[in-house]
Amino acid sequence: MKNPVVIVGAGLSGLQAASLLAAQGVKCKVLEARDRIGGRVLSTSDPNRPDLGKFDLGPTWFWPEYESAITGLVKELNLETFVQYTKGAMLAERVQNEPPERHVLPENAGARSIRFIGGVQSLIDAVADTIPPGVVELETRVTAIRQDEAGNITVETALADGKRKKVSARAVILALPPRIVVRQIEFFPSLPPNIITDLVSKPTWMAGQAKAVAIYDRPFWRESGLSGFASSWVGPLQEIHDASPETGSGALFGFFGMPAKTRRELGEVKILNLVVDQLIRLFGTSAQNVRAILYKDWSSDSETAVEEDLAPLRYFPSYGQPPKSGVWEKKIIFAGTETNSQYGGHLEGALLAAEQAVFEIAKLN
């Protein structure tokens, strides 16, 4: 019996690759270092107020106008979605100690963005449900991948209880951020230098970022004709959006403008105090009535970020497949959103990368 295809990483790309392989009757195994599936998808609620809803601390949207893979998958899995709230004026905070400017954007100024009821985790869970039981193994960290002279592959792992396990594989799909592959997995024989250079040059999408979500009883800003969208040159949040569920509570989320190193120096408590102060400046005194606040700094997540990712991105990275060369050419296949040249960084990119990886596996038969 053939050894399984081993997929390293249970984010959207790894799970979709497993789903596609399973549908073709190809035996596979997914190894995930974390204690959860989803990777950079993280939909969570406040443990003290789960009634307020689930909120995305990772990716939030997709755009059906030009992202066909995720649009088709959402339809196939019968997932519930809703349109991002954008009605009303936006705010621009340009100068310290001056009131924000209010701008009414033209209707249909941007592509319509779509959110998931229950957060993007609902997509992750639905894809996972299409994979046979026992395929995904959590808290299983891949430490090394070996290929012997006969071309046989052994994947070495470390488990949460300190034990080690070896898995034989016919091929390996690496559904991880490229820099994590280089920094956390040893290869015997080594990956060719040109591949290592390529992987290290690809910044991990979102790895230097952090997100904060302030949750309220209701989306009070809408009553003042505001969309919840704001941009700031003052900070700490650089870009803010309405993160409210379709019904019920209200929420505002923002991406940080301050670099990862500054966030580390300030600490979470001080940062979140600054966030609330900024929301009060922008949206008025009602913004002080925060029911819960969620925070995720991806730069301190060791399964996402490496030291190089702490530097803020100054440009959109050049993503795509690494070069093919050396003894690993038909043994290792790269997936994950950073390996898709057109939609790198998006959920769409993760899905297209999974499709490409499964296509490559099919060619090996």
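**Exercise 1. Determine how helix 2 and helix 8 pack against each other, and which residues meet.**

Solution. Two packed helices are described by the angle between their axes and the distance between the axes. In this predicted model, local features need pLDDT of at least 70, side-chain atom pairs count only at pLDDT 80 or more, and totals for chains, interfaces and linings use all residues. Residues are numbered from 1 along each chain as its sequence is written, and side-chain values use heavy atoms, with hydrogens and water left out.

Step 1. Helices (H or I, at least four residues) and strands (E, at least two) are DSSP runs, numbered from the N terminus. Axes are lines fitted to C-alpha atoms, for helices over the stretch in contact, and angles run from 0 to 180 degrees between N-to-C directions.

Step 2. The axes of helix 2 and helix 8 (residues 347–364) lie 8 Å apart, at an angle of about 85°. Helix 2 is therefore roughly perpendicular to helix 8 (angles under 35 degrees count as roughly parallel, over 145 as roughly antiparallel, 65 to 115 as roughly perpendicular and the rest as oblique).

Step 3. From helix 2, Ser68, Ala69, Ile70 and Leu73 meet Leu347, Glu348, Leu351, Leu352 and Glu355 of helix 8; contact means heavy atoms within 4.5 Å.

**Exercise 2. Classify the aromatic pair of Phe256 and Tyr295, and state which strands hold the two residues.**

Solution. Step 1. Rings of Phe, Tyr and Trp (its six-membered ring) pair if their centres lie within 6.5 Å; planes under 30 degrees apart count as stacked, over 60 as edge-to-face and the rest as tilted. The whole structure contains 13 aromatic pairs.

Step 1. For Phe256 and Tyr295, the centres are 5.7 Å apart and the planes stand at 75°, an edge-to-face pair.

Step 2. Phe256 belongs to strand 18 (residues 250–256) and Tyr295 to strand 19 (residues 292–297), so the pair ties together parts that are 39 residues apart in sequence. Phe256 is buried at 2% relative accessibility, and Tyr295 is buried at 17%.

**Exercise 3. Is Lys166 buried or exposed, and which residues does Lys166 contact beyond its neighbours in sequence?**

Solution. Step 1. Lys166 is located in strand 12 (residues 164–169).

Step 1. The relative accessibility of Lys166 is 63%, so this residue counts as exposed.

Step 2. With neighbours within four places in sequence set aside, Lys166 is in contact with Thr154, Val155 and Glu156.

Step 3. Between Lys166 and Ala212 the separation is 46 residues in sequence and 39 Å in space, C-alpha to C-alpha.

Technical notes: Buried < 20%, exposed > 50% of the residue type's maximum accessible area, 1.4 Å probe, protein only.
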